[in-house]
Amino acid sequence: MKNAKYFPFERNNYFYGKLLSVEDFNLEQKYGNDKRRMLNRFLYGAGVVVGMNVAGVDDNTILVESGLALDYSGREIVIDEPVARRLQTLEGFGDYEEDRNTGYLYLCIAYEEEETQAVHGISHSDQKGNTSFNKIREGYRLYLTRSEPEPEGLNYRSLYETDQLIYWDKGIRVRQSMPKFIGGGNSATLRIEVENMGQQEHFAFSYELELQCLTHEGRPRLTVSFDELLFEKAGRYVIFYQLDALSIKDAQAAASLVPGSFKLRIGQNQTVEKAEGQTTLQIGSRNVREEVRRAYYEKGMEQIVKGGSQSLYLAKISLLRAGDAVVINEIETMPFKQYVAGSFLEDVMVRMLEENEGGFGNGQNHEGESGINARRDAYGIDIAEGVEEIALGPGLNKGKKIFSREISHGLGIGRTTVVLSMEGESSQEEYFGTGGIFQSSQPRVELAARTDLKRGVFVIGVRALTATTQDKIKVHWTAIRDRKELFLEKKEPRIFIRPNVLNLNTRESYFLEAVCSNMNETGIEWQVKEHGGTVDANGMYTAPNTAGVYEVTVVSTAYPEIKASIFVIVREKSVDK
């Protein structure tokens, strides 16, 4: 790559009678560029500053919005207007071959220069003959790759978190991560990230971790287990375990995979897979912020600039293959969170901290909207918090009821417990239960919540116990969901279709199986959108005459709200020549 090196810094030394050459003028530009790019890299970092979102236009075309980014050499990358590209025309697509491990590509952007405005040159030493170029245009290059970036120095997370690949095979990838630093006697969260990268059957796995200077529930050993059936079907899953550090200082702790302990079950087949990995953390005497700051300042300058050849990853594009054709299934923007926070954004964050009395946790704002702070503790409890400002009108009479808007708690569908409290005159006081028990000038009201299990939302109800002239109240809410509820939800009526993705030729037929779970009445009805082929009452689907991607749906006749669908990829039947 061009102009990726800063050092050494040299500039022209001018004196009367100096004869300036092409090299001198080039040095003048290089000196200014290198100084600016060094400051960009060391002061701001690398990543997208604004824009550059990626969206799908159709099954084969993506759109990259305009934006600004800084690469790992501090060079500015500008997309001045949105650009649309067909995947097949991008560099790297021709090398793509879907295998059992990958069903996606990464869209990357890199800095690039181009010589423009060809002119006649007079130098016979010019390697390009007598043709020179009058200008150099700074631009960018979009390309596709299956390779992931180097994690070290990738983003801010690498300063305080270690990440380790445990297993990657058969369309399944497992990673685990922990904080880099922890105080003696404190707890850390071990995060296990599971990705389904094309495995169509249900799968489960388990493996053993040997803990050094750490314990889980008092034991120096932890069994990590995962079963896809206990989760809503998705491409990525995350599970958490709490680890407790021993009360020691200045020691290295580790969670190491026990060889031969990784057991994988796909469908009904169970195998012992080859897997390895160790995640380490430092038990220190300083707090975590001091440790991160120390680690950053002790980092050698060469460690920061060594990533100069690394590109920015704008999107992860999930693909489906239909014979020789490849179509876009899903687009995930900025999969590695390579962002640069500008000074304006940093100023906004500081102001939010000040207005929220030192933290984002209360989710409060001043426009009546409910800010949500969602988190999951180490025991698998999902928690979301927020504040809802409810208008009482010009006057609330005794017995009158007021209802809030629908509020999304962000914990997904299913059973969720909602706890409500009313903010007092001081932000340091909250009242739970029926108002009026405590002496307060706040209106005496009752609070209640109604949850919608199918949509993951709830409504707050307020009933006045006495008349009040107060025009509004602030209700703090906490939504709690136990991960065990997911297992209980599996006992609820549901339908799924086998297979979950289907590839056919035009006019080809295939029998689809609808599996009804926990349903007394198993009557179903098959549906397919117009021009998407036909499906009979037994589930025999026949593809249409036109290639494309079509949706087939099955609906319970007894419970119309219970349904499932799959996508059928239809391709033209190849003709042997």
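The structure is a predicted model. Its mean pLDDT is 79, with 79% of residues at 70 or more.

**Confidence**

- Strand β5 (residues 76–79) has the highest confidence in the protein, at a mean of 94, while helix α5 (residues 484–489) has the lowest, at 49.
- Over residues 486–490, pLDDT stays under 50, and the model has 14 contacts beyond four places in sequence for this stretch.
- Residues 357–371 also stay under 50 in pLDDT; for them the model has 38 contacts beyond four places in sequence.

**Surface patch**

- A nonpolar patch on the surface is formed by Tyr14, Leu20 and Phe25, which together have about 330 Å² of accessible area.
- Leu20 belongs to the segment before α1 (22–44).
- The relative accessible area of Leu20 is 36%, so this residue is partly exposed.

**Ser556**

- Ser556 is located in strand β39, which spans residues 548–556.
- Ser556 counts as buried because its relative accessibility is 1%, against a cut-off of under 20%.
- A polar atom of the Ser556 side chain lies 3.0 Å from the backbone nitrogen of Tyr559.
- The Ser556 side chain also reaches the backbone nitrogen of Ala558, at 3.4 Å.
- Leaving aside residues up to four places away in sequence, Ser556 touches Ile495, Met519, Gly523, Ile524 and Ile562.

Notes: Residues numbered from 1 in each chain as written. Predicted model: local features only at pLDDT ≥ 70, side-chain atom pairs only at ≥ 80, totals over all residues. Heavy atoms only, no water. Patch = residues over 30% accessible without salt bridge, like charges linked within 9 Å, V, L, I, M, F, W, Y side chains within 5 Å. Areas by Shrake-Rupley, 256 points an atom, 1.4 Å probe, with all protein chains shown as cover. Salt bridge = Lys/Arg side-chain N within 4 Å of Asp/Glu carboxyl O. Helix = DSSP H or I, 4+ residues; strand = E, 2+ residues; numbered from the N terminus. Buried < 20%, exposed > 50% of the residue type's maximum accessible area, 1.4 Å probe, protein only. Polar contact = N/O pair within 3.5 Å; in protein donor to acceptor, adjacent residues only side chain to side chain. Contact = heavy atoms within 4.5 Å. pLDDT = per-residue confidence, 0-100.
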